Amino acid sequence: MSLCACHSGREFDACCGPILAGGVAPTAESLMRARFNAFTSGNMDFLDRTLAPESKDDYDREELKETIENAKPMGLEIRHIEGGGSNDQQGVVEFVARLKVHGEPMAHHERAVFRRDNGVWLYVDGEVNPKTEPRHVEKVGRNDPCPCGSGKKYKKCCGV
């Protein structure tokens, strides 16, 4: 037995293997992992089969095949999941796929959108290199009360 290429830490036969063999992915994340596995192994038919019909207009099978031939997968990191559970109809999986393309390291960061049609999860679309909300930091003045709650002025407490 070998570990699954999707980096779940599970054995292939207990992870992506059954899905790639024609089984139904129970969640959007499991389909994402299986699609990554299909990418790593060059399983173009699985990638075609799990693509939503409306997404096939922008899909270039030959370009993807060329990318697969020139890429060596280095890992998959799932960053965030919204919905996409076994009782959901839609889901979003944010992931980073690490690759070496022509020997150069590369990271493909995407927020992938999935939909369930007749009980089967499909990849619909994705936003590559999604932007996160900027952090807003409130500036503390030197003479303001210290935010740590000590009751002292900031300049005499944490602002030293």
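The lining of the largest pocket divides into 15 nonpolar, four polar and six charged residues; here Ala, Val, Leu, Ile, Met, Phe, Trp, Tyr, Cys and Pro count as nonpolar, Asp, Glu, Lys and Arg as charged, and the others, Gly among them, as polar. The structure is a predicted model, in which local features need pLDDT of at least 70 and side-chain atom pairs count only at pLDDT 80 or more, while totals for chains, interfaces and linings use all residues. Residues are numbered from 1 along each chain as its sequence is written, and side-chain values use heavy atoms, with hydrogens and water left out.

The lining comprises 25 residues, and Arg35, Leu64, His108, Glu110 and Tyr123 are those that lie nearest the centre of the pocket. A pocket is defined on a 1 Å grid over the protein atoms alone, as an open set of points where a 1.4 Å probe fits, with protein on both sides within 12 Å along at least five of seven lines; lining residues have an atom within 4 Å of a point. The space in this largest pocket amounts to about 820 Å³, a volume being the space filled by probe spheres set on grid points that are joined across faces, edges and corners. At least two lining residues come from each of α2, α4, β2, β3 and β4, and β4 provides the largest share, five residues. Helices (H or I, at least four residues) and strands (E, at least two) are DSSP runs, numbered from the N terminus.

The strands form an open sheet of four, in the order β1-β2-β3-β4, with antiparallel pairing. Because β1 (71-83) and β4 (120-128) stand at the edges with a single partner strand each, one side of each is left without a neighbour in the sheet. Neighbouring strands are turned by 30° against each other on average, direction ignored; axes are lines fitted to C-alpha atoms, for helices over the stretch in contact, and angles run from 0 to 180 degrees between N-to-C directions. Helix α2 (residues 28-41) packs on this sheet and touches β1, β2, β3 (104-117) and β4, its direction making about 170° with that of β1. Contact means heavy atoms within 4.5 Å. Helix α4 (residues 61-70) lies across β1 and β2 and runs at about 115° to β1.

Two strands are taken to pair if DSSP finds at least two bridges between them. Eleven bridges join β1 to the antiparallel strand β2 (residues 90-101), and Ile81 stands opposite Val93 of β2. These two strands form a hairpin with six residues between them, where Gly84 in the turn has a positive phi of about 75°. Twelve bridges link β2 and β3 in the antiparallel sense, with Val101 opposite Glu104 of β3. In their hairpin, two residues lie between the strands and His102 takes a positive phi near 55°. Between β3 and β4, which also run antiparallel, there are eight bridges; Leu122 in β4 is the bridge partner of Arg115. The hairpin of β3 and β4 has two residues between the strands, and Asn118 in its turn has a positive phi of about 50°.

The mean pLDDT of the protein chain is 92, with 99% of its residues at 70 or more; pLDDT is the predictor's confidence in each residue, from 0 to 100.
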